[in-house]
Amino acid sequence: MRINSTGEVLTVYLTGELDHHLAKGIREEIDKAIDYYMPSLLILDFGEITFMDSSGIGLVMGRYKNLKKNGAKLSLINLNDNIYKIMKLAGMERLAEIEKGA
Amino acid sequence: MDTNKFTLKIPSRSCNESFARVTVAAFATVLDPTLEEISDIKTSVSEAVTNCNVHAYPNSIGDIYISCEILKGNVLKIKIRDKGCGIEDVDKARQPLFTTGGEERAGLGFAVMESMMDTVRVTSKCGKGTTVTMKKKISCKDDAR
């Protein structure tokens with residue numbers, strides 16, 4: 001996982017698999033970065049996620065709530081077909097800007 | 001052709017979620033599934049096994065039994081069973097967004113399984129355990145041509 005902050009915008013490049021087993025560690029790292037950088041926009045880049053189940057939805061919902069406290073926004077980018085399908089099923093487009101990958 | 005099948009018993013450790021889904025996906029490759037079908041199978045198995053880890057055995061490590069079978073007509077049958085605490089109200093548990101798993105769980109496990117598999121059957125007895133049986137017909141690539 002790589003993190004890049006340019007003032008207002010915090011980008012987190014997620015890597016590997018996102019399931020229940022790994023979600024806790026990922027969540028804690030993202031929350032630490034949110035607390036530190038206080039962004040007005042968090043971009044989660046799923047480009048290098050090789051597997052995701054509904055634990056990924058839990059992760060997005062939790063970060064959305066966390067960001068909302070400071071009025072910050074959330075964006076999900078580079079979603080592959082499977083991840084996009086799960087995000088749509090969960091109605092995540094109501095919480096975040098969603099962008100499919102190339 | 002004789003039907004092919006396997007049974008697997010694993011402890012409910014979260015690190016086994018990935019082992020379980022990859023194993024079932026590998027077994028299914030004989031049906032020549034598309035990448036999307038493989039992904040659907042992996043995701044559904046991951047949801048069911050995660051349910052065992054989070055809900056069936058919340059404070060202990062128990063056994064999860066996974067059995068797979070290839071049925072006639074290119075159908076994959078997956079059965080995931082635990083001997084955990086059971087589900088009080090299965091219909092309620094299957095409702096989207098219902099969860100007893102706390103803030104970080106979306107409550108969409110069964111909804112995801114239902115959307116990705118053809119059929120999902122859940123039977124449960126309080127104190128005895130839960131069985132999730134899923135079936136998916138794998139498309140024949142020759143048909144699509």
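Mentor: Five strands make an open sheet in chain A, in the order β1-β2-β3-β4-β5, and their pairing is mixed (strands pair if DSSP finds at least two bridges between them). At the edges sit β1 (2–6) and β5 (97–100) of chain A, each pairing on one side only. Neighbouring strands of this sheet are turned by 15° against each other on average, direction ignored (axes are lines fitted to C-alpha atoms, for helices over the stretch in contact, and angles run from 0 to 180 degrees between N-to-C directions).

Before we go on, keep in mind that this is a predicted model, in which local features need pLDDT of at least 70 and side-chain atom pairs count only at pLDDT 80 or more, while totals for chains, interfaces and linings use all residues. Residues are numbered from 1 along each chain as its sequence is written, and chains are lettered from A and ligands numbered from 1 in the order in which they are written.

To find the spot on screen, look for A:I3, which stands opposite A:V12 in β2(A).

Now step back to the whole chain. Chain A has 3 helices and 5 strands (DSSP runs numbered from the N terminus: H or I of at least four residues for helices, E of at least two for strands). Read from the N terminus on, the order of elements in chain A is β-β-α-β-α-β-α-β. Its C-alpha atoms fill a box of roughly 30 × 25 × 25 Å along the principal axes. A compact globule of 102 residues would have a radius of gyration near 13 Å, and the 12 Å of chain A agrees with that (taken over C-alpha atoms; the rule is 2.2 Å times the number of residues to the power 0.38).

So where does helix α1(A) sit? It lies across β1, β2 and β3 (41–52) of chain A, and runs at about 170° to β2(A). "Contact" here has a cut-off: C-beta atoms, placed from the backbone, within 7 Å.

Helix α1(A) also has α2(A) as a neighbour: the two axes come within 10 Å and cross at roughly 20°. That makes α1(A) roughly parallel to α2(A) (under 35 degrees is roughly parallel, over 145 roughly antiparallel, 65 to 115 roughly perpendicular, the rest oblique). On the α1(A) side, click on A:H20, A:A23, A:I26, A:R27, A:I30, A:D31 and A:I34; they meet A:S55, A:G58, A:L59, A:G62, A:R63, A:N66 and A:L67 in α2(A). Sorted by class, the contact of α1(A) with α2(A) has 6 nonpolar, 5 polar and 3 charged residues (Ala, Val, Leu, Ile, Met, Phe, Trp, Tyr, Cys and Pro are nonpolar; Asp, Glu, Lys and Arg charged; the others, Gly among them, polar).

Finally, look at the side facing the other chain. Here 18 residues of chain A are in contact with 22 residues of chain B. On chain A's side, α1 (20–37), α2 (55–68) and α3 (81–89) each supply at least two residues. Helix α2(A) gives the most, with 5 residues. By class, the side of chain A that touches chain B has 6 nonpolar, 7 polar and 5 charged residues.

Technical notes. Two residues are in contact if their C-beta atoms, placed from the backbone, lie within 7 Å.
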